[in-house]
Amino acid sequence: MNKKYIVTSLLALLLWNANAQEITTENKIIDYGQVAFKSPVTAEFEMQNSGGRPLVIDDVRTGCGCTTVDYPQSPIPPGQKFMVKITYDAKQMGHFNKQIGIYGNGSKEPLMLSLRGVVVAEVVDFQGEYHYRLGDMMVDMNDIEFDNVNRGDRPTQKIHIKNVTSTIAEPVIMHLPDYLSAEISPSKIAPGRSGTVTLILDSHRLRDLGLTQTSVYLGAFPGDKVSPKKEISVSTVLLPGFENMTEAVRAYAPKMRLSAGSLEMGSFNGKSKKKGTIEISNEGRTTLKINSLQMFTTGLEVSLNKTEIAPGEKAKLKVTAVAEKLRNARSKPRVLMITNDPENTKVVININVDRQK
């Protein structure tokens, strides 16, 4: 074959690929939340022809006849934005998740869009109290705890939110670590209406046993700015696994005993600090190990004179409460210990102190 022809063909193929159609969108999923029975809803997806040549949508595939799609019929110039509208008839009660495939000229794989929600007999907003304001949204809680998590668990926590502005909100959760994901329903919230944020924990991505803490932020729209006024604190306690321990091995395990399950410190009475001590005893037959010693909040200082306690021995846990720092703490002061005692893998000691006096 002529080498010049081969080179020309390769250049043409490269040029074709460089100019091939590409449909892009910032959001492939729209969650409508609660939808009234037999009240059709329409989701609008803003899209763009990001390729180097005119785009022609030549095929749209839906999973059932309950959805219809409205899309441009004429060629879309390179760089131009366009709308794809998907309508669901809501004639069946319960949750729905409809998948729609958009095929453009020159594409072998579709761009997949999703419209989801739940069809109900009557749309009902959250009836509880919204205790906190985070930016332009009200929420029922701003401090989340994933407690007693075992490796492999995938627990969830819900936050109820309300749009108290005069415009439609499109809430987002910002600064999510890799072990957390968030789902917001509905994707857009009208003024005065409510929705939910579902935080999902992937315990496989947690690195360390014990307490992991982070902060995420609730924005009212994509691109919203991070601010301390929009902060949601998230705590996770990952436990060691003893599910495969035999009874024979368990009989020789360490056994932790505390002189008290909490520290009663009363009020500061003008002092800057209050101190207390708890004794930790090992009544088992092997060495008790304190693998992790952490605080759930600022304002506490702790020290332990030894982290490995032989059978029959004791250790002293000293706790100091700092008045100035505790006044601004968001959660109750507590000390967390992770141990190798299979009956007490997680030990939480409440520090009861009047933070205002």
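Cys64 counts as partly exposed because its relative accessibility is 25%, whereas Cys66 counts as buried because its value is 14%. In these terms, buried means under 20% relative accessible area, exposed means over 50%, and partly exposed lies in between (1.4 Å probe, protein chains only). A disulfide joins Cys64 to Cys66, with an S to S distance of 2.0 Å. This is the one disulfide in the structure, a disulfide being a pair of cysteine sulfur atoms within 2.5 Å.

The model is predicted: local features need pLDDT of at least 70 and side-chain atom pairs count only at pLDDT 80 or more, while totals for chains, interfaces and linings use all residues. Residues are numbered from 1 along each chain as its sequence is written, and side-chain values use heavy atoms, with hydrogens and water left out.

Leaving aside neighbours within four places in sequence, Tyr88 is in contact with Pro40, Val41, Cys66, Thr67, Phe96, Lys98, Leu115 and Val119; contact means heavy atoms within 4.5 Å. Tyr88 is among the residues with the most contacts inside the largest nonpolar core, which has 25 residues. A nonpolar core is a set of buried Ala, Val, Leu, Ile, Met, Phe, Trp, Tyr and Cys residues joined through side-chain atoms within 4.5 Å. The strands that each supply at least two residues of this core are β2 (29-36), β3 (41-49), β4 (57-62), β6 (81-88), β7 (94-104) and β8 (111-120). Strands (E, at least two residues) and helices (H or I, at least four) are DSSP runs, numbered from the N terminus.

Strand β2 also contains Asp31. Is Asp31 buried or exposed? Asp31 is buried, because its relative accessible area is 11%. The side chain of Asp31 reaches the backbone nitrogen of Gly33 at 2.7 Å and makes a polar contact with the side chain of Ser185 at 2.8 Å. A polar contact is a pair of N or O atoms within 3.5 Å; within protein, one must be able to donate a hydrogen and the other to accept it, and residues adjacent in sequence count only if both atoms are side-chain atoms.

Ser185 is joined to Pro186 by a cis peptide bond, with omega about -5°. Pro186 is found in the loop between β14 and β15. Both Ser185 and Pro186 are among the residues nearest the centre of the largest pocket, which is lined by 34 residues. On a 1 Å grid over the protein atoms alone, a pocket is an open set of points where a 1.4 Å probe fits, with protein on both sides within 12 Å along at least five of seven lines; lining residues have an atom within 4 Å of a point. β2 gives the most to this lining, with five residues.

Another buried residue is Ser203, with a relative accessible area of 0%. Ser203 is found in the loop between β15 (194-201) and β16 (210-219), and its side chain reaches the backbone oxygen of Asp153 at 2.6 Å.

His175 has a positive phi of about 65° although it is not a glycine, and it is exposed, with a relative accessible area of 54%. Asn269 likewise has a positive phi, near 50°, and is exposed at 63%. His175 lies in the loop between β13 (172-174) and β14, and Asn269 in the loop between β19 (262-267) and β20 (273-282).
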